[in-house]
Structure formats: C-alpha cells, structure tokens
Amino acid sequence: MPRLDFPYVLHGGDYNPEQWPESVWDQDMELMKKAGVNIATLPVFGWGNIQKDEETWDFSWLDKVIEKLHANSIRVCLATATAATPPWVDQKYPDILRTDQDGIKRRHGSRHTFCPCSENFRRLSTNLTRAMADRYGHHPAVLLWHVSNEYGNPCYCDACSAEFRTWLQHRYGSLDEVNHRWNMAFWGQTYTDWSQIEAPQDKAQRNFQGLLIDYDRFQSDAILNCCKAEIEVLREITPDIPITTNMMGTFKALDYHKWAKEMDIISWDSYPARNAEPADIAFRHSLMRGLKEGEPWMLMEQTPSQQNWQAFNSLKRPGIMRLWSYQAMAHGADAIMYFQWRRSPGAQEMFHGAVVEHAAREDARVFQEVATLGKELASLGTQTVGTKVESKVALLFDWENWWAVEYSSGPSIMAKYCDIFLDYFRALFSLGITVDVVSPEADLSGYSAVIAPMLKMVKPGFAANITRFVEAGGYFLTTTFSGIVDETDRAFENGYPGPLADLLGIWVEETDALSPEEQNTVQLGGTSYPCGKLCDRIQLEGAEAIATYGEDFYAGEPALTRKGRAFYHGTWMEAEGLQAALESFLTEAGVSSTIGQSIEGVEAVKRGNLLFLLNHGKVAQLVDINGYKAVDLLTKAPISSSLELQPFGVAILQITP
Amino acid sequence: MPRLDFPYVLHGGDYNPEQWPESVWDQDMELMKKAGVNIATLPVFGWGNIQKDEETWDFSWLDKVIEKLHANSIRVCLATATAATPPWVDQKYPDILRTDQDGIKRRHGSRHTFCPCSENFRRLSTNLTRAMADRYGHHPAVLLWHVSNEYGNPCYCDACSAEFRTWLQHRYGSLDEVNHRWNMAFWGQTYTDWSQIEAPQDKAQRNFQGLLIDYDRFQSDAILNCCKAEIEVLREITPDIPITTNMMGTFKALDYHKWAKEMDIISWDSYPARNAEPADIAFRHSLMRGLKEGEPWMLMEQTPSQQNWQAFNSLKRPGIMRLWSYQAMAHGADAIMYFQWRRSPGAQEMFHGAVVEHAAREDARVFQEVATLGKELASLGTQTVGTKVESKVALLFDWENWWAVEYSSGPSIMAKYCDIFLDYFRALFSLGITVDVVSPEADLSGYSAVIAPMLKMVKPGFAANITRFVEAGGYFLTTTFSGIVDETDRAFENGYPGPLADLLGIWVEETDALSPEEQNTVQLGGTSYPCGKLCDRIQLEGAEAIATYGEDFYAGEPALTRKGRAFYHGTWMEAEGLQAALESFLTEAGVSSTIGQSIEGVEAVKRGNLLFLLNHGKVAQLVDINGYKAVDLLTKAPISSSLELQPFGVAILQITP
Amino acid sequence: MPRLDFPYVLHGGDYNPEQWPESVWDQDMELMKKAGVNIATLPVFGWGNIQKDEETWDFSWLDKVIEKLHANSIRVCLATATAATPPWVDQKYPDILRTDQDGIKRRHGSRHTFCPCSENFRRLSTNLTRAMADRYGHHPAVLLWHVSNEYGNPCYCDACSAEFRTWLQHRYGSLDEVNHRWNMAFWGQTYTDWSQIEAPQDKAQRNFQGLLIDYDRFQSDAILNCCKAEIEVLREITPDIPITTNMMGTFKALDYHKWAKEMDIISWDSYPARNAEPADIAFRHSLMRGLKEGEPWMLMEQTPSQQNWQAFNSLKRPGIMRLWSYQAMAHGADAIMYFQWRRSPGAQEMFHGAVVEHAAREDARVFQEVATLGKELASLGTQTVGTKVESKVALLFDWENWWAVEYSSGPSIMAKYCDIFLDYFRALFSLGITVDVVSPEADLSGYSAVIAPMLKMVKPGFAANITRFVEAGGYFLTTTFSGIVDETDRAFENGYPGPLADLLGIWVEETDALSPEEQNTVQLGGTSYPCGKLCDRIQLEGAEAIATYGEDFYAGEPALTRKGRAFYHGTWMEAEGLQAALESFLTEAGVSSTIGQSIEGVEAVKRGNLLFLLNHGKVAQLVDINGYKAVDLLTKAPISSSLELQPFGVAILQITP
C-alpha cells in the first residue's frame, strides 16, 4: 500500500466550483492563496456535472479547475465523485434507490441514496471511478484519492435480503446453525428455509438481536464492498497514489476497524456539537488514530465557524478554530482541512460555515482566522509531520459490541456504549493521561494498562489474549454489563462475565437498573462516591472487593473488585469516583500523566519529540513543563521551566531531553 | 363448564424446553423439585417445533418433556401452542399476517402477527389444537388448557373490513341505522353503500367515534372467535378439562367481560411497573377477579425479579416477590406462577427475570426466594384454595366506556378512564376498604354501595337497573363526564347526565377543562380541597349541593351533589378530598374498613374465613385484629389481639369468630 | 366585483340541519329568533345529502330549510357545499383522494381529502356549485356565497407532480433556469429532464429549499384554482352576489395575499388558543383586514365558548365572547358569527361549543350570552358598519417569506416567523398603537412608519420601493435574518442584507445563534436590555450604531443601527427592550398611541369616527378619552373627559371632534 508522505501540514478543504460560474474561480484562486490553502478536495458531488447521461461525459470544467489549482501550487485531493447519484441515474435505474428500515423506498434528490447491493450502482460508480483515474490519475497536482464521501445509510431492500442470505450461508454454513446462534426457537420462529430470512424491515424481526447484529455486519461489509470496488480500479490504474475515504468518528453503522484495513491513510470529519468538551473531541480523534496503529491522519473536514444542521448553530468563538486545529494535530493529524471553501448560493448547506462567506469578503473574521492559521502552519514546515502519539494506556472500542449493547432489551435504556466509554475517557483525560483507543483485536503488548468499558460481547480468543496480557504484567479493567454474550449475542452458559470469569474471579449474579432519579454509592478508600444506572450484585470467586456499595439491600456487597491485575467495576460511577478508582489503578500500573500534573482545562499530548500544550479554558494557565528543555515552534521562543498559556492558547514544544 | 378444583396452591410457570438441548431438561427437573414447582405451562410457542410444514409433525420432544414432568409429579398447564405462527406458515399463507392501523402489513418474525379474520389462520390453528388435544388431552399430567397466549393486536386489513361489514349488518340491520348511529351526516359522510365502510386505517375515519368503538367491539369479538374456535375443539375432545387463556389486566383492546364468559377459570399476567403502588396492583387483581363472579383465579405470570422491556428494569427487592404473591392470593388467586422458568439464551426476552438465571445456579438470590416460597405454599395445603373475597362495594368498569372516553375529542386529553378509576380505587384502598370491580351489567344486589367513575357511555337498561338498586336502599355515586352518550357514542338529547338525570336530580350545563397548571377547590364540610382537570357547572333539579366550588366564575356553585342515595361528583378531586367525600358516602352506606382501621401501607383483605394482612411499607406495623381470635397459617402461631407485621411482611389469619 | 353592503351587523353562524330530523328545525327557528340571529351559513357539508350519486339530486330538505329561514327573516350565507366529498365520490373516483407529503394516499371519511389537481374533483365540485347557484342563486334570502370551507391541505400525488412541472415551465421557461434558481448543482442533483422533478414527497428532496418554496406556491395556486373554478360559475349565474371563502388567519399553506384578490369580501375563522393574549388576536384580525385594503370583513366563525380539539378546552369566561366579538368589530368586522349553531349529536365535533348545547335549553349561560349580544348588536343598527380602521404604521407580512424562513437549515430552529412578528406586534400593541398588517407589495404611501420583521426573502422591486418610501420621509425598520435570499431562496451575492444594504448602510458579517439558555444584552440609551436567539455581527457602512451588545466577544459592536430613517435591529430583543426601541423609532416618525396613553389591558382602536375601548384585563380601568366629546353607543351615555371600563368591558364612543 502506498503511503502519504506529507510534504508539510496540509491546509485546505472541500471545493465545489461547479456551483458557480467560471468567473468566480479566479477569485477563488486569489482567496486561496491569501488563506494559505495548499490542498483542495474535489469534485465530491461532481458526478452529475461530469456525466449528463450514460454516454455523455464532460470533463472540460474540471480540467480547467484542476489546471488553475495546479498553476497556483494547490494540490488536489481527488474525489471519485460517486457520493451522490445524479437524477438521471436514479430515474434510469430505480433499483439503485435504497429502502429504509421502515420499508419505504427512498426517492432521488440527495446524497446517500444508493443501495449497496445494487449491481447498477456498482457498475456505474466504478465506471466513473475508472474515467476519473484515467483522466487525472497521473496529473501532478493529484496528491491522494478521496473515495466517495461519508459512506453510511444501510439499505433494507429485497436485493439486500438476497445478498444477506448468501452472506449468512458463507458465515454459518447451515440454517440449523443460524437458528441456533440467533435462538430462533424463541417464540417458535425457527427457519425451515433460507428464503424465510429477510432484512429486518419489520419491528417483528427486531426481536432477534442476533439477526440485527449480523445484518449490521452485513451492511457494513456491503457498503465497504462498494468502496473496495472503487479502490480496486484505482489500485490498478494509479498504484502509487494513496487512498482514503472520509470517516465520521463514532458513526455507528460502519465497523471502521474493518474499513481501515482498506485505507492507505485515515481521514475523518470532526463536527463537535455546540459546547463540546475537549475530552469528547479528543476521544474521537483517538478512536480514528487507533484505526491504523497510530499513523498520522487527516482532519478532512471541520467547519471554520458555524454549522447549519444543529438546532442552534453558534459561531466558533475567536481562537477556537485554531485551538481545535492544533488539538487534531496533537492527536496525530498532518492535515487541517475545512468543509467548505465557499458557502453555497442555495440549498441545504447554504448556511454551513465556510472559509469564504456569501459576501466573499477578505475582511471577514472567519477568513482572517483561516488565513492567519494558514501562515502559522506554513511556518511549521516539516517539523510536525509524520510523528506518532505516545500512550501507555489502551481503551478497547468495538463496533459490534456497540450494536450488541444497544439492541439489548434490558436491563436499562441508559446502557449506551459511547456514554460509558466517554465517561472513562473523560476521567483519564482529566487525570492528564493520553490514551489510545483500539480494537480488542489490536496488539496490546506495548501497553501498561488496558481498559474495556461495557464489553458485553466477548468474541472468541479475546479472553485468552487478555489473560496472556495480564499474565505478562499488564493491568486490565472491565465493567458492568461485560462478558454477557458471544459474537452472535447468545448468553454465556456460565453466567456473567462469561469467559472473563476466571480472569476476574467473580460471578455477576444479577444487575439492578436504577432510574435517573435513583442513586447508590461506592465506598472506596474511606470515601463515598455516587454511582447509578447499573449496579451488579457480585459474588467473589477468587477476587477481592476493593470497594463496596453503600446503599440498598446490597449495601456492603462488592462494587469494585480485583483479582491480581484484573479489575472489575460493577457499577457506573460518576466522574469523581471514576477518577479516584482509575488513578489508583493506573498508579499501580505505573502510568502517570503526560506532564506529571493535571491542570484544569489544559491538555498535554506528546507526539514524537513534540509536546503539544492546549489551553481549552477561558483563563490563562501557568504550565510547569516538568524539567524539559524546549523551544516553542510557534513563537520560536525557548522555554525553560514553565510557560503561560493564554485562554484558547497553544504551544508546540520541541523537547530536548 | 368444567371447574378447576385446585388440589393445593399451584406453583410453577412458563417452561420453554425447546430452546435447550435435551441434556438441560434433566437439570430442569432437579431444579423444579428444589424450587417447589408443581405445575409447568408449555408449549406456548411450540408450533414451529411441532409442525415443520403443513404435513410434517414432530411431537417426540414434547412427549419426552411431558413424561419427565409427569414422572416428577409436575402437572401440565397445556398450551395449544398457537400463540406464534412459525415462519413457514406466514410464508405459505401471507394473508395470515396482520395489517396495522397505519395500513402497513406486518412481516413475520414475532408473536401476535396473525389477522383474526384469516381463514387460513383459523384452519391451521384449530388443526394444531386438535392435534394437541388428540395426543395429550387424556394424559394424566394435564391439569388445564392454556389457549394461545396474551391475545391482542387488532388488524385493519381488507379481510377484516369485509367481516366488519357483516358484523355491522348483523348488529344494525340497515345502512340507514349505521348512518344515524354514527352521525355520518356530519361532514357529509353518509354512506350510500355498505362497501364504503372500511377498517379505520386512515386518520380521516377516526373522526367518527361511533365507527371506532364498533370497530374495537368487532375486533375484540373477532379475536375472541379465534379463541372460541380452539375452545370448541377442546370441548369436543376433552370436555372435562378446564380451559383458560391468560389475560392482561387493563388491556384496552379486548372486552374481557365478554371473554370471561368463554373461560372456565380466569388467569392473568401481572407485571407491575417499577415502583407500582399496592393499590395499583390490587385494582387489577380486583378487575380480573370480577370477571367471573369472584371465583378463584390464577396468577399465570409474574416475574421472579426483573423485567426486560421497561426503561429501567430494577430488581424486585428481597421479599417483594413473596409479598406480591400473597397479595394475589389475598385477592383470590389459587395459583402463583412465573414467567419464566429459565432465561432464554438469546433474543428479545433473554434478560427477562426467570427462576433460573443464565448461570443456572441454585445459590442465586432469586432462585432461593422462589424455593422458599414454594415450601411455604406447600405447607398451606388446601387451607386457602377455593374461598372467595368479601366486599360490600362495587366499582363499575366497562371496556366500551373506556374506548368512548378516550376517543372523545374534547373536553380534555386528561380524561383518561383508568386514571380517574384508579384515583377512586386508591382512595378506597387508603380507607382500608375491599372493593369488587365489576361490569355495569353485573348483579349488584349484594352490594351496599356502587361507584361508577366517569361512566360516559350509559347503555340501555343501566339507568333503570341502578335506579332499582338505589330504590332498594343502595348507595350510588357517579362523576363528571358520565351520562354523556349512548352505546353508539351519540349524545343524549336531554343533555348530561342523560338517562341518569332523574336519579341524580341534576343538569350538567357545561364542563370546564383545566390545564395541569390550573386548579379549583371543593368546599366540603368546612374544608377546601383541591380539584381540577374537569369542573362541571351543575344546575340542581331535585338534588342538593353537598359541596361547592371555591374559585373562578362558578365559585359557590354545586361541585358535589346528592339526591337521596344518588351522589354525583362534578369534578376530579385530589386524594385528600376524594377520601373525605368517599368516607362520608360509605359511612352513610354502612360500609366500614375490613379491620376497622386503616394503617399506612397495610392491606387487609378477607377471603372466606381468612384474613390476609400485607405490609407494603418499609417499616414494621402493629395491627390490631379487631377482636378476632385467629391463628396465622404461615407461622402456625395463635394471634390474640394484635400482631406485628415486618416490612414486606405477610400474615394469613384463620379466624374463629 | 359586487360589494357586500351590510344592512346591519350580521349575527349568526354555521347551521347543519341535515344532522337532525325536520322536527328539530322549527325549534331551531324559535331559538334563532331568541338569540338575535339574522344570518345562517349552510349547507357547508351538505354535498352527500344533496347528491346521493352522480345522477340523483335531492334538494327538498334544503328547500324547506331555506324557506323556514326566509320566513323568519334570517338571511343565508350560502355555501357551495363542496367542502367535503361524500363517500360515493371518493369510491367512484379514487384519484380525488389526496396524497400526504409522506407519500401515503389518504382514504375517504373526512373533509379536506381532495387533490386540487384532480380533474374529477374540479368537474364534480363545479357541477354542484352550478346546481346550487341555479336553484338558490336568485332566492331573496341569499346574501352572499361561501365557497367551500377552510381550504387547505396540499397534495403530493403524481397528478400534482405533473401539474407542478407545467407550472414551473410557465414560471421559469427552461430547465437550466430551474437548476440555477434552486442551485441543483449542490450535491450534483442537476436535472437533465423535466420528468425528474417530483412533488417533494421524500425527505431527500427537502434539501432543496427553492423546490419546497415553489411547491408551496404551486399548491397554494392549485387549491386557489379549485376555488376560482367555483367562483367562475357563480359569477356567471349570480354576478351581483358577493363571494367569500372563510380563511384561517396565520394559516401557513395558503398565500392569502393572492387569494384575497379573488374575494369580494374577506371572512375568517378566529379560534384563539386557551389564554391567548389580546395582542395575538388583534394581530390576526389586522392581518386579515390587511388582505383587502382595510375593507370591513366578516368574523365567519368563533366558538361561543369551548373548543374541542385543544388539549384542554376551557370555557370562555362570562363576558369574554362579547369582548372578543367587539374586538373583532373594532378591527373592522361587520359580522359576528359562530361555529356552530347546535352541537352535533355525534362524531368529531360533538363537544365543540355551540349556541345551542345538547340539552337545547335557553337557560344555558352560553345561549343567554349570545342572545344578549344579539340584542345589543341589533341596537347598534347601521352605526358601525362600513367604516375603516385608522393606522399610521404598517407591519409587512409575507407568506412566501414565512416559508423561506422556516425551511431554512440554520442558523436556528428558533427563527420562527410568526414568533418574531408577534413580538413586534405585541410591543406596538403595548404602546397603544394601532397597526395595519399588509403585504410588502401593498401601497405604503399612507403610512408614517413601516416595519418588516425578519424579511429573509426580498423580492425584486421591494428594495427600490422601500427606498422611495424612506426618501419620501417614511421611517423603515427591519431586523436580523432579513435581506438574505431572493424569491427563489438564492443568497444575495453581496452578502446580507442584500439589496437593502445601501438603504440600511450595514454589512451583516455573521449571525450567532444562541440557545434558549443563552442570552446577550443590548445597551440602549444607558439601559441594558436582554436579547437572544440571533445576534448579528454588523459592520457599519454608512449607518451609525444606536445600541451595542453588552456581552460575549462582540460586546461593544453595533446591535441596533440607523442610517437616516432606515433602522435595523440586529438581534431579537425581549419585550422591554423592543418597546423602548420601537417607542423612540415611532416618536421620531411622529406616530403616537390612539388615545395618547397606554393602559394595562386596555385596547383602543379608531374605526372611522368611532373609538372602540376594550378592557381585556380583570380589573376596572379609568380611561381618559383625550379631550374628545363622545357618546357611548352601547349605553347611549354622553362621555365628557373619561370613563370607567369594567373588567372585560367595552365602550364604542361616537366622537365629535
């Protein structure tokens, strides 16, 4: 696989020139230079403008745009243009339009409208990919391929049902095995013929979680197959150009751990909600970075200021866009890119933030902030690119487990995977600890501590692997609602936590679900910390209690346990208790914070020999840099013992040990 | 009709052995004996495992299971196994799949998916019933029949529309009569041909409440016809085996007063919500008991601990399952049964509580509580079975009235039948009074007082009957939004309360609807009690005011009235006022509380010569037993004047007068 | 166009005799006389009773009813009876049934079920109209035509799609122009054939706001075409009888400014929500009055007391119905009419208020209030009819702008047109100022001040017109989110406020969206007033700041601006600040309150030489009548300097200057 060698930090974004007359393109070039743009992504939604019908192609406008970019030394992130089918495609081949889970066939008129099992879509999209590669694959401006755009949206049509059956036959071999794995004997729904299996359009079929999880697996695979079909064409014609597709962080429908294997480089689109916490953003960056062994990645999209699809689309305050750009860089990004270059004159995203507003004025605050950042990034040269983030702690994230947790009927609708995951991430963030977020199947040997929040689904091999990790000196921690089911959502016959029972030395006899108004406490080291949502009743079978419940009929029973280096959290603690429990766990595991301290609002991440310091708070902070000798790459100033970070301030310290 | 003569208190539950290999069945028998199980319900969802296609039958597994149960002296509550159609049935006969009210035809994959008007369903289900009866109807283990399971779910397909028209022709004779009764002249919707009448799939048709109520009647009848078709087969083959189907308390879609006529014994499934009040549970027990003149009934399903389909599935606290079991018994149950014996290994209900958890361990709290209760029940022998609950007060409940109240467009969306009904029940419960809940068509002659909350629909004959009841010395009370419409939802021409106007001596001129933020007061006996939701403006025409409004432009006007022994509550009072008003009403009617006192949290119910005392509270209570001489059947201790009930404690006193 | 010359104030309402037997009709006549009824509207929903099938007509019942009314000197507001198709029509011509936006074809059984593009509907409805006009058009009782009833409910069927394409071809000429105007290049959705354009049934197509707005325009036109088809028949047969259709105030789907052009007189149905503010009611009266240059109009429907379709249908308090009737009259109504004469015996509206309740008793409070008002109106004779309301301030309201504002994706879901509009109206109402609400295309030359809240869509010609208005000495004020898009929802290329930029002297660089929990302040004249929802960041380009922001990173920047007589409010102020800003704006414009003062709860409106004084409050108020010499038409009492208005009290002062 080719590798993207960043010549410098990439700075640019999505460019949709087809929405404007040619006269505007020259103004764009002028403004791009002023904004320090060195890369443009296009033509993401260009299909309709390239191909007017199955026989008629028109590349002339795109030729001109690419030449203009090239003439201005702006590299191209070349989209295969297959992200949205034009109306004539959907009209000519209606099988392409996908069917929602409620059984309603969608009409044309948007992006994301194709069925991944449509043969016509695969043929037409790969034809277009081939045409793009043939025409531009050897153009010197082209730096990388951008396959389609933000894949998603599963389909539930009859063609998908048929392909699903084939997928199942391949996975399970026999219908008896399917019946067994999904427990179809429940409510007497045993299949007697493959043809009885359907895409779960109907609520009826949603009573079988094994079916639902397999359908999600199948759809993630089927959509990936569309992507792979394009990649195959690109590899044939341009074997040396790296390939990506832009991902979406915690996007539930696609198992990005599988997808990442097909990518040369990871890229993703980060759209934090209004008032997002820094930890929330860092979590998603860490998840995306973990898809490909920590290799540098691209921030393919962020908004320069406003979004348009939130309820209240606030402006990014002055300095926030810069701060979040450097936060991405701290977490491994070597490209800082925007959606979008220029606000559309009309339609759905006309009020989405852009580098260039409708008035196209350079004196706009947002344009100025982008231009200033562009200069700053240019001044960094090659100093940051290519380096990797350092971490001794891994959090295990698994898409299939996510599906299993949230399809569960019982014990609580508050058992949301990303919620508890983020609670653990946030606690570690508050402790000043940098974390990798990786698959349970990742190589864990380099970590001191591994934490798996709510690992309901334990797949074959994991118990043995994690046991070896612990035996080799590693520290492991998992939580309530873990070790419940196998990869087909069948309960483990020995009860919970199933195959982890020996390692953890416990039997989870039952799990109480508390409503939002109810609470219990964890008695830990002489302090009482609030907990709630789920409370396991645990019987110790080799483990010891390190904390007990304070309330209710299970007061005094174990709440947190350990057996050697294998820890278990039997309940969902609030922030304070979680930090206390994690701090002692990590101290014992020999993990300390990046700069030996945690400062309110300040994030510190080491990337190679660079120490990124980011002040997310609204007050200036004095940061003791822990005895390092350093120079700040942004100010060029040498730093001896400490430095002051302004509100939303950033420092990139090149450290000499 | 055969009668179920309980040999002792039945203790057991739903058993679905087809979800496990045969090897597990022997473990089940061991555990059942340890749990004191003497009855098992099966094969509720066995159709698919019994019949693989229309010609292929396989009873071998069921033969084995029934023999094992028999060998272990466990009786069988034999299900007809028709509760869920297997996939091959739905695939071969798609007309069986029902259509929702939104017009969407359901797919297979669940229970409750059949259309009650499908000829194929009726044929296949009675074939299966016949096969079951032929094979097992004379097996000595079989104690009773369990037809299908939790019937419900109306259908709105074209076949139903056609059968509905026939049903209407039978009920009304002519289309003119239908037009008149439903007031189709409104908005000019007069039918000119029977074929224009459809199942009310469309919101348009929901403007005609007469149509909606008749459609509900028709569906309740049509579903009952499916049940009756099975019963007919069973009566033919096993005339001596009693028959039940498990009901669901306040389940809106089925008029259980009609259904009860077809049953030999009433059984129902009690699933109180988290933090349900004792009065709430007692109300539903009383409603179910009242379906069949107070005869003993079966608690066919309760969860040993958790549910799975609530938002937050809390554990039943230690002692609660026992307490609620005895509460059922106090209210007439002679069978205490669980859903389910063993937690499914997968699918929708895998986290629903069970006697045997996934780990199948006897040392589990829940298993131990069940086993302890089993022993206790066994020790009671025949002492409790067959007796009847004593009550001098009847609350009138009517399903058709429920539909009429809640289809009403105006005066208030808070006019919810079960809400006001439960408010009256709860007030009586707090006063320590045992109540029967019966149909307005029941024989009321044995009661001292009859209360009909919100009897919007007054059917022919009721006014005359209740007038005779009052003339014979009985006390009658009804409330706001009563006497509004006849059985086809046409308003009474003389205004409200229609045919009850003479008896009550009032004209309800208008009814004000208050929002949840608004309130009025009732001035009663020198005290001001809050009221709200609905406030009638009443003109006295023979009645006298016993309380007046305290606020608004109708301050000083009558709020509560009486004309002799006929009382009217013109507004919806909160608990305190309701208790005060009911206390004086009942005192005058000569009704006093069961033990001459009301104690916070303590329920007292007399069943034959047994006095059940149940402490629902979390603190111990000293109960004065009112001079009775008694022995506690559970402790065998003689009780002279009083006894202490522990939190969640129970006593069953055999009284010698 | 014929003009309705009111012989006196009309008083009456909707009469549906077809729901009762003939015996009730004579009672109706008696009661109508007692209630002072002089007009009855019928047969609004009579189609089904007039035409039993396509060949069979029966006018006999209607003949009798009209004769009875005529014999009792009650005039007839004659409905064309086409408001609801009878079942046989929908059964015979299923194309008539309309399709919802979700693509579901509706069934029969209600009103408003027809597709406006159905040829069959147009043929059958005009046939009926012709039959009605032929039979009754020259009957002396008939005063005016009432076409259909409360038109609304757009359709999204294939027939509509086809007619929409024709409509577009007429509007835009070429497909290229459509693609450009709607910016179909966005997401590559450029149409290559007209047949690709569909009614926006699918969410996909809702990404194109230009399409949505044009579809709304088209549907408003298509429904109006149904109305015009009936009008054409009526004009032909009865050229001298005035025509109306009853409108619904702020009903979003129909552009009443276009509709009004076809009407001889405006009529509308006023149903204020529970606890509606007086300003809210006045706003809608003013909007309806403004449809036809302030000509007198008809209050075609109001409820005498309760509604039935609200959540909580409270009674109108004693005096409120009278007060609101006179409020309508103050705002230009010459007819006070009710829905409905008599409560239906069954179906959807049986609990809607009526003059005659189910008991049909004259001693009912509501009947008495109506009868009393009837007498009072009769005593007014011709003194009030025909006069016009006086106002120096115009608020500009535009339906197409409403659609544009609320289809917008971003910046805030709180950008609701009627919300901000009502905030401005309410502030003016509180200042005691009478306001006209007119179209941006109205003749503005008679006004001193013109206010256009949130005029997002600025159509061709408006900027020039309003500039001329300002140049001629007028005062103009507009607000945040104005001047954003043209009539096809394309953003103005010069940024915001687009063509108003020169007049206002500002550039709105960006607009911050605040959540409901967030707030900023406006520093105006030394006071700090709260504002929120939207906050523009404004660059002054000729304007001056008259107020600045108090908070956030744009503290100190302009919040309110003016350039000469052209004012701009860059944020959404709460009541107090809005009143302060408007008061100084209007003072400068020379506009003062109607009676030189504003009194809490008292509304004063001048209509010709009459001064209406209405006390909406619950306490009596002393009103100084500003030196006028007057006589109160209701009491006949002369008023010298002041008068006391009781709670809910009204005075109609005939003024001698």
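To start, how many salt bridges does the structure hold over all chains?

A: The structure holds 145 salt bridges over all chains, a salt bridge being a side-chain nitrogen of Lys or Arg within 4 Å of a carboxyl oxygen of Asp or Glu. Some ground rules before the tour: this is a predicted model, local features need pLDDT of at least 70, side-chain atom pairs count only at pLDDT 80 or more, and totals for chains, interfaces and linings use all residues. Residues are numbered from 1 along each chain as its sequence is written, chains are lettered from A and ligands numbered from 1 in the order in which they are written, and side-chain values use heavy atoms, with hydrogens and water left out.

Let's begin inside chain B. Glu54(B) and Lys92(B) form a salt bridge, with their closest N and O atoms 2.7 Å apart. Glu54(B) sits in the loop between α2 (47-50) and α3 (60-71) of chain B and Lys92(B) in helix α4 (residues 87-92) of chain B, so the bridge ties together parts 38 residues apart in sequence. (Helices, H or I and at least four residues, and strands, E and at least two, are DSSP runs numbered from the N terminus.) Glu54(B) counts as buried at 18% relative accessibility, while Lys92(B), at 43%, counts as partly exposed. The cut-offs are under 20% relative accessible area for buried, over 50% for exposed and partly exposed in between, with a 1.4 Å probe and protein chains only.

Chain C has a couple worth a look. Asp100(C) and Arg106(C) meet at 3.9 Å, N to O, and both are buried. Arg537(C) and Glu510(C) make a salt bridge at 2.7 Å. That pair links distant parts of the chain, since Arg537(C) is in strand β16 (residues 527-540) and Glu510(C) in strand β14 (residues 506-513) of chain C, 27 residues apart. Arg537(C) and Glu510(C) are buried too. Over in chain A, salt bridges that share partners join Arg171(A), Asp214(A), Arg217(A), Asp398(A), Glu400(A) and Lys459(A) into one network.

Now for the meeting place. Contact (heavy atoms within 4.5 Å) involves 58 residues of chain A and 48 of chain B. Together the chains bury about 4,400 Å², 50% of it on carbon and sulfur atoms; that is the accessible area (1.4 Å probe) lost on being put together, summed over both. Trp187(A), Gln189(A) and Ser409(A) supply 15% of the area chain A buries against chain B, more than any other three residues.

Seven salt bridges run between chain A and chain B. One of them pairs Arg365(B) with Glu510(A), closest N and O atoms 2.7 Å apart. On the side of chain A that touches chain B, β14 (506-513) and β16 (527-540) are the elements that give two or more residues, and β14(A) gives the most, with six. The residues of that side divide into 22 nonpolar, 20 polar and 16 charged, where Ala, Val, Leu, Ile, Met, Phe, Trp, Tyr, Cys and Pro count as nonpolar, Asp, Glu, Lys and Arg as charged, and the others, Gly among them, as polar.

Conventions
Buried area is the accessible area (1.4 Å probe) that two parts lose on being put together, summed over both.
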